[in-house]
Amino acid sequence: MASTSSAGPSVAVVFTTKTPYPLPTQKFMIPASWKRFHLSQLVNKALGLSTPIPFDFLVKEQVLAASLGEWCAENDAHEETLEIEYIESILPPQKMAEIPHEEWVSSVSCKLQGLFLTASYDGTVRAFDYSQNETIKIGLHAAPITSLCVVSSNEDNHLIATASHDLTAQLSHISTDGSSSKSLATLHLHSEPLSSVCANVTGSHVLTSSWDSIIGIWDTKIPSVDEVADEPLGQDRKKRRKMETDKPKRKGPVGVLKSHTGRVSRVLFGSAKQAYSCGFDSTVRLWDLDNEVCTNTITVSERPFVDLALTCDGALALAASTDRSVFMYDLRAAAATGTPSLMHASTPSCIATSPSSTTQLVTGAYDGMVRMWDIRSTKTAMSTFKPWDGRKKILSLDWQRGLVCIGGEGGVEIWKAAEESTSV
Amino acid sequence: MHSDEEGDDEAESDGDVEEFPEIDVGSDSDGDSEFNSDNVEGDLDEEEVDEEEESDSDAESLHVFPRAKTVTSDITGQPKRVYPEIEPDYDSDSSTEEAPNRVGNVPMHWYDDLPHIGYDMDGKRVLRPARGDELDKFLATVEDPSAWTSAFDKNAQTDKPLSAEELDIIKRLYDHENPDGNYDPYEPTVEWFTSQVEVMPLSAAPEPKRRWIPSKWEKKKVMKILRAIRAGRIVPNKPKTSSKRTQLYDIWKSDASTTLAPALPAPKPKLPTNAESYNPPEEYLPTDQERKEWEDKDAEDRERDYLPQKYSSLRLVPGYDRFIKERFSRQLDLYLAPRIQRAKLNIDPKSLIPKLPSPNSLRPFPTYKSLTFSHPSSYARCLSVHPSGTWVVSGDDNGIVSLWEINVGREVKRWKFSGKIGAVEWCPRTDVCYFVVGIEETLHFVIPPNLPAAVYELTYKLLAPATLPPAPETPSPIKWTTASSSKWTIDTPLLSIQLSSGSGLPRQIAWHRKGDYLSTVSSGAQGGVWIHQITRRHSQAPFKKIRGDIQLVRFHPTKPHFFVATQQYVRIYNLAEQTLLKTLMPGIKWISSMDIHASGDHVIVGGYDRKLCWFDLDLSSKPYKVLRYHSRAIRSLQFHPTYPLFASSSDDGTIQIFHSRVFSDLMTDPLIVPLKILRGHENKEGLGVLQVKWCPNQPWLVSGGADGAVNVWCS
């Protein structure tokens, strides 16, 4: 140990990890000038790995960016033994493609293999294949679409749901080649613009949330006749009559969830019969869909939530709030409590969690920055990247198959982001 | 004396008597020296000495003792020794004794029944003297002048006249004097011992032993005390209680300076300036003209009493010619200067800062710019936030009104009007949804898109009723026109109110809280205040004539009161009774903005002269508090409808957020805490932030600026 401290001061360090490459628990004296690269080399050598694996190092929930000595000076930790957790390093995201849009893109989805679905403020849903060709373009809504989700898909035919400012959500059928795309049903319940729509895994049910503080539960069976009477609306009646033949069926909800006191900004399906929602009334609510009751309410004072996401194992709920933080709720705990963390420079508008890793997530903010986080490092983001040079707002994110799809003011950008293979 | 006499009587030959002359003889040789040294002996000894001297003279010739003769007794026939009669002379002890009776000190009544009263020296009977009766006594007192000085002699059983000495003694005793006539109370002191104490008396006496052996007596005494202490009979040194001791106090405790002014410090002499340096910088040196001017002036008129001079080194500086004069004037200063004591305030500056709660404890309030909606190349002059807090309409000088969502900032709909947009306001009603746009001489009523069917229906019916209400009796110059249903689209206003020509741009649109009345203030010459009623489609001017140029109007949130701000005053009218209730005098030269607290009891007024006045309507017509925090004119003010906040915006490009807690009890003053200055708007042509509006149900602020940006500030 004395040999390592040949030059300059040294720091006592204990390494821990949850990766499959553990080091023996032992105190190392490491020169304070060492940085991530040196530490990574040290771990690699100590493990004797045949192919070097880059590691990132977390000190007290912070990614080690500078040298150890600088970290100690910043945090006033000179004497203590640092406990450093190392995780497998992830390559910084790389920009793959840019798909410009004329309008703001409010929602993106790359859940379908080979397709990027985008919903934009002109009421149009577009689909792009991987060579960035627009394959589908259907104007579903007369008003801006706020949210889009894929309900079910088989081969080339997909069922998507869209929520819009025109107070309805729609179930639409699209095919990959764009030959037969049409709206199947409009969902009528809400009296204010809809904020989000989501479908469960099997595609049997859809949830919609709206600014009028209610959440609608819908099944995805397309009725043969209108379930809801047509609105006695003067203006569009003539137009509608013209399109009478292939007019989408008007559909009513299966159930309604009422408990929020403000705008509901996001609703998500949890496990089988559960749903989560967050709203501007500073609450995150857990719903029992069978009984249509709210089973748990997590209240935080004065923090309107704009987006909600669940980690892939469903253990953690992450809610982005307008006070520029993301709240983390451990849902497995009996009384779920949250801690504010992941501080942003601007309003975080959207969250997407990694489809495979339980610890990774990306957030997009109004300052045009997409931040990649690891929940073990809540103080600083693991990496930050700027679509559209960081000048345009980011409104939507999706992360599937190693691709982060970013929708916002400037259209859509696709970034490649590696996911950490979860060893859990 | 008596004992001597008795001895003499009983024993004829005494040993003592025989030895007597021998002692005298022995002491003969050094009689004189003895005499001197033994002065202490009394008078008696002197007498003895006298006797001795006499006996000395004829020691051998004279036989002292009487010689007995042996005679044959006549009676018995036996020889007996007869002593000669005692001749009491100076040899005898009782030579001076005259008294013949030698009975001694026995009670004389023993001799009462006897003819004699005792025996004389020779043992012969002393016969009782004859005593006269009482009459004789009386006669004696009359005849004998010395009778009263005689006393009864017990021994002689007769009256004896007192001698002159005795009388003298009696007299002295009466006078409380010393009975001895020879006694001189004033005789000079005989210094038996010297009164002067020698410091170190010389003594040849050896040091006594007691001086260096420990005293047994002292040891005994100490041991006694020790034993007593051990036995507990003596409690050693009881702790002295403070109460027993004399109370000590600090006589200097009270500050004497409170009554007595402290010595005044002398005024400080002025410190020398750069110009007084021996080597001042060039700019301090006077030019020739200045030098001449200085020399021409009288000494009293000179600005300074010296001319700066430059020397290249200190060595070259000559003697200071004005030294004496300067010292003298300094002395004059010290002597004549009025000594003003300037009370130096010894106040901690922190204590002067009012105790305000920390802004962190007053969260939430807007802290950062969440998003910006921009009106390119124009002023975002007016904006309004929908009562639900979701939509914002903003109008600019190019005639564009944009509807956008507060949380995303995406423009949903845009309307184009001709000319500047003067004011935009949402209708406060929740069952209908429309907003009013004020442009040059016209008000337009616009319905936003994507309304629920019921709300849309109601709004449409309200603005374009199927049957028009009856026209008012008096024709009004204000024309209400509804777009025909066939022509109308959502892009055009459904209802328009044509204000009187020449009224100019509506400066402000103020809604009554119920959403039926709205009031407009026009800026033009023919303008003024109009109150429009939507349901009756009727407009009226509440004031026929009003003093001053009306800047703003407001409806009271609860009462039928109407606030009218002219350039300098705010007048409060009761609309129901049509009376003037109150005039507020903010002391602002030109009022720019005004808002009323939701409770209706507090008003804030802002002015172009940077002042912000808070009025408590219950208190007075003068401001409760005047805040001058902006560096440029205040443009807009608004109270938050639900949170205890208000914001003010100014031409300096900043928005200031204040916490304003209003208490329901009348005793507590409103709490106003400055919270945050929001910067982010750019100044353009001297204009800054033109309007601020709160989001009704969130602590969010929307601000429109001259830079064309409408910013949303989130907590």
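**View 1. Strand β9(B) between its two partners.** Cys382(B) has Gly395(B) as its bridge partner in β9(B). The model is predicted: local features need pLDDT of at least 70, side-chain atom pairs count only at pLDDT 80 or more, and totals for chains, interfaces and linings use all residues. Residues are numbered from 1 along each chain as its sequence is written, while chains are lettered from A and ligands numbered from 1 in the order in which they are written. Strands (E, at least two residues) and helices (H or I, at least four) are DSSP runs, numbered from the N terminus. Two strands pair if DSSP finds at least two bridges between them. Strand β8 (residues 380-385) of chain B pairs with β9(B) in the antiparallel sense, over five bridges. The two form a hairpin with five residues between them, and Gly389(B) in the turn has a positive phi of about 80°. On to the next partner: β9(B) and strand β10 (residues 400-405) of chain B are also joined by five bridges, in the antiparallel sense. Here Ser394(B) stands opposite Ser402(B). Three residues separate the strands of this hairpin, and Gly399(B) takes a positive phi near 85°.

**View 2. Both faces of β9(B).** Is β9(B) enclosed or open? Strand β9 (residues 391-396) of chain B has six of its six residues buried, so it is largely enclosed by the rest of the structure. A residue is buried if 20 or more other C-beta atoms lie within 10 Å of its own, exposed if 12 or fewer, and partly exposed in between; C-beta atoms are placed from the backbone. In a regular strand, side chains alternate between the two faces of the sheet. Trp391(B), Val393(B) and Gly395(B) point one way from β9(B). Val392(B), Ser394(B) and Asp396(B) point the other way, and all are buried.

View 3. Strand β12 (residues 421-426) of chain B is mostly covered, with six of its six residues buried. Five bridges join β12(B) to strand β13 (residues 435-439) of chain B, and the two run antiparallel. Glu425(B) has Val436(B) as its bridge partner in β13(B). Across chain B as a whole, 27% of the 715 residues are buried. Its secondary structure comes to eleven helices and 35 strands.

**View 4. Where chain B meets chain A.** Contacts link 17 residues of chain B with 23 residues of chain A. Two residues are in contact if their C-beta atoms, placed from the backbone, lie within 7 Å. On the chain B side, strand β7 (residues 368-374) of chain B gives the largest share, three residues. That side divides into nine nonpolar, six polar and two charged residues. Nonpolar means Ala, Val, Leu, Ile, Met, Phe, Trp, Tyr, Cys and Pro; charged means Asp, Glu, Lys and Arg; the others, Gly among them, count as polar.

**View 5. The sheet β7-β8-β9-β10 of chain A.** Four strands form this open sheet in the order β7-β8-β9-β10 (chain A), with antiparallel pairing. At its edges stand β7 (105-109) and β10 (134-139) of chain A, each with a single partner strand, so one side of each is left without a neighbour in the sheet. Strand β8 (residues 116-120) of chain A and strand β9 (residues 124-128) of chain A pair over four bridges. Leu117(A) stands opposite Ala127(A) in β9(A).

**View 6. The loop at Ser346(A) and the sheet beside it in sequence.** Ser346(A) lies in the loop between β27 (338-341) and β28 (348-353) of chain A. This residue is partly exposed, with 19 other C-beta atoms within 10 Å. Not counting residues up to four places away in sequence, Ser346(A) touches Arg324(A), Ala365(A), Tyr366(A) and Asp367(A). Its C-alpha atom is 8.9 Å from that of Gly368(A), 22 residues apart along the chain. β28(A) belongs to an open antiparallel sheet of four strands, in the order β28-β29-β30-β31 (chain A). Its edge strands are β28 and β31 (383-385) of chain A, each pairing on one side only. Strand β29 (residues 360-365) of chain A and strand β30 (residues 370-374) of chain A are joined by five bridges in the antiparallel sense. Leu361(A) stands opposite Trp373(A) in β30(A).
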